[in-house]
Amino acid sequence: MLEDTPKLQGLRERLIQALIRKGIRNMSVLNAMRQVPRHFFLPEMFAEESYEDHAMPIGEGQTISQPYTVAKQTELLNPSSGMKVLEIGTGSGYQCSVLCAMGLKVFSVERNVALHHQAKAVLSRLGFKPRLKCGDGTLGWDTYAPYDRILVTAGSPEIPEELIKQLAPNGILIIPVGDRSTQHMKLLSKDAEGNVSVESREAFSFVPLIGKQGWNK
Ligand code: SAM
């Protein structure tokens with residue numbers, strides 16, 4: 001794995017400026033993305049390309065999300081330092097690192113064993129200490145529930161009931177919902193009494209969320 005060189009830091013800053021031009025305004029999201037070297041999550045030959053604003057393959061038929069998508073989902077999540085956040089779809093571990101860099105208590109679930117182990121190694125190299133689990137994230141992670149925030153990084157046909165249950169009062173759940181090619185980002189809010197409301201935002205294209213309360217394959 002390459003070190004974080006001045007050249008790569010320069011490319012990362014150029015990416016941050018591109019995200020600002022695309023409308024990302026939350027400074028704690030931008031600063032966390034400034035801090036986390038995205039090239040650590042990809043093979044060495046893609047180090048420079050990792051600072052272009054697009055999704056890239058990470059093996060096992062999966063992708064590391066586009067930086068704009070990571071920034072937008074995290075901005076919608078709107079977490080405050082110290083909150084408990086559950087991420088579904090650890091993938092490369094990049095989004096998980098951004099959440100850790102924001103000072104959040106992060107719990108992340110990945111269904112693919114190889115990706116789970118790969119992400120664990122990179123996160124530990126960066127000194128982040130999220131709790132990671134390999135399993136079906138459509139069922140959440142009830143051991144540590146409830147969560148102040150839940151972020152799903154794969155596209156689902158609907159919002160899994162179990163995730164709504166594991167969301168704390170005054171919590172926010174961000175999840176792309178739609179068919180297998182296009183999804184709309186849904187922002188589900190739970191009020192202090194447990195009432196739920198859902199808003200729909202812009203369209204994205206995610207790999208499928210596969211599990212008991214997602215797609216069946
Ligand atoms: N957040 C990731 C990152 O920063 O690299 C990107 C995630 S990738 C777009 C979606 C991930 O969700 C894949 O790694 C996939 O294996 C995983 N996934 C799909 N269904 C899942 C499920 N039911 N539970 C947990 N992970 C799941």
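Analyst: For what follows, Ala, Val, Leu, Ile, Met, Phe, Trp, Tyr, Cys and Pro count as nonpolar, Asp, Glu, Lys and Arg count as charged, and the others, Gly among them, count as polar. This is a predicted model, in which local features need pLDDT of at least 70 and side-chain atom pairs count only at pLDDT 80 or more, whereas totals for chains, interfaces and linings use all residues. Residues are numbered from 1 along each chain as its sequence is written, and side-chain values use heavy atoms, with hydrogens and water left out.

User: How do the residues of the shell around the ligand divide into nonpolar, polar and charged?

Analyst: The ligand is surrounded by 27 residues, where a residue counts as near if one of its heavy atoms lies within 4 Å of the molecule. The closest are S92, Q95, E110, G137 and I210. By class, the shell divides into 10 nonpolar, 13 polar and four charged residues.

User: Which strand gives the most to the shell around the ligand?

Analyst: Helices (H or I, at least four residues) and strands (E, at least two) are DSSP runs, numbered from the N terminus. Strand 2 (62-64), strand 3 (84-88), helix 4 (94-101) and strand 4 (105-110) each supply at least two residues of the shell. With three residues, the element that gives the most is strand 2.

User: How far from an oxygen atom of the ligand does a polar side-chain atom of S92 lie?

Analyst: Polar contacts are pairs of N or O atoms within 3.5 Å; within protein, one must be able to donate a hydrogen and the other to accept it, and residues adjacent in sequence count only if both atoms are side-chain atoms. A nitrogen atom of the ligand lies 2.8 Å from a polar backbone atom of G137, and a backbone N or O atom of R111 is 3.2 Å from a nitrogen atom of the ligand. For the side chain of S92 and an oxygen atom of the ligand, the distance is 2.6 Å.

User: Where is P146 found?

Analyst: The peptide bond that leads from A145 to P146 is cis, with omega near 5°. P146 is found in the loop between strand 5 (131-134) and strand 6 (147-152).

User: What is phi of N78 near?

Analyst: N78 lies in the loop between helix 3 (67-77) and strand 3. Its phi is positive, in a residue other than glycine, and is near 45°.
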